[in-house]
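This briefing accompanies a predicted model. Please consult the sequence and structure alongside the points below.

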Amino acid sequence: MVTAQQVWAALGEVPDPEIPVISLVELGVVRDVSVEGNDVRVAFTPTFLGCPALAYMRAAMEEKVRELGAEPRVEVVADDSWSTDRITPAGRDKLRASGFAPPAPRAAGAPTLIQLQSKVHRCPYCRSTETRLDNIFGPTPCRSIRYCESCRQPFEQFKTI
Amino acid sequence: MSARAELLLELADDELILGWRDSEWTGIAPTLEEDVAFSSIAQNEIGHARAAYELAARDLDTDADALAFDRAPDDYRCAPLVELHLLEWASAIARRYLYEQADRVRIEALKESDDADVAGLAAKIDREETYHRMHAELWHERLKDEPRYRDALERLWPYALGVLPEPLRPQLEARVPTLACATVSQASARGAHTPELAELWDEMTSVRRSVPGAEW
């Protein structure tokens, strides 16, 4: 019989379809795994509700569970229990290494325009904080576009949610 | 229909129809940044609609796509504000600004719901709307002294109030003090529909209607 630990390990191999350097487990979106006999229930939360990769991620997780010889049931949790603070430290390092600035902490409350416009966001390439907000929105719902004045490189900033 | 399903359909229909309207700027917004912004906002709004339809579908024994596409135009519960066909930038921004203000009042109220599913979904949506509000406020700040934008705000204000049920309207008036006095006519309040909705519906549902029952 499959164990929850095996399921977690298998899901750790499912990459985020839009940022494939990071797995769904590192992204913190796999919320819970429970095993009952041959049935595996996986609860997960999309980063943004309009994420177009929702069906793709569901299918990828189901396939991983089937490879273990178990029957998957993937449930989408559309509530307030996920925030970008749940991205793991290893996940943040991987984001940075591929040119995505990881999100600022949410713990202190919802982000504000003043924060986004202030120079506290660090460039993932040269680590300078001399960066400015170019666009609140980017190529996917979870990213903003910033520009580094020091190394003159535009970069993608993971939004704090 | 349960009160909860009605509430969820109002929210979902507003977000679906406004998402559709915002997506009309994809490719033709005045700058590339705004092209990206409006497209991304539209995608989020339609995502909120999907989540609310899915929750309503559980109560109504149907599915999200059927709720989004298989009803007749008159059965939608969206407010007239989101239906208007506004292909003029100042008006589109005025609607974004006013809708975000009204939506915030509604979302704050839904977050306090005793229904854990509704309160949880509202809080998740609120996390995303934070960024829409920032976008709207940046533009409001930039355009607020432009006559064309002022006119659009005044024209759309009764429609913005019409998004909310009467008891919540004073909260919106307090948020937008410069526009406080307006009469909400029947035509600008939820319950009425504009001729523009039928045109939008015809286009939005055309693929779905072309092969009934197909899975896409």
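Which residue in S7(A) does Ala101(A) stand opposite? The residue is Gln157(A).

- Four strands of chain A form an open sheet in the order S4-S7-S6-S5, and their pairing is mixed.
- Strands S4 (100-101) and S5 (131-135) of chain A each have a single partner strand and stand at the edges, so one side of each lacks a neighbour in the sheet.

**Chain A overall**
- Chain A contains four helices and seven strands, which follow one another from the N terminus as α-β-β-α-β-α-β-α-β-β-β.
- The C-alpha trace of chain A spans about 55 × 25 × 25 Å along its principal axes.
- Of the 161 residues in chain A, 40% are buried.
- When contacts in chain A between residues at least 6 apart in sequence are considered, 52% join residues at least 24 apart.

**Contact between chains A and B**
- On chain A, 18 residues are in contact with 24 residues of chain B.
- Helices H2 (32-60) and H6 (116-143) of chain B each contribute at least two residues to the side of chain B that touches chain A.
- H6(B) provides the largest share of that side, with 13 residues.
- The residues on the side of chain B that touches chain A comprise 10 nonpolar, eight polar and six charged.

Key
Residues numbered from 1 in each chain as written. Chains lettered and ligands numbered in written order. Predicted model: local features only at pLDDT ≥ 70, side-chain atom pairs only at ≥ 80, totals over all residues. Buried ≥ 20, exposed ≤ 12 C-beta atoms within 10 Å, placed from the backbone. Contact = placed C-beta atoms within 7 Å. Pairing = 2+ DSSP bridges. Nonpolar A, V, L, I, M, F, W, Y, C, P; charged D, E, K, R; others polar.
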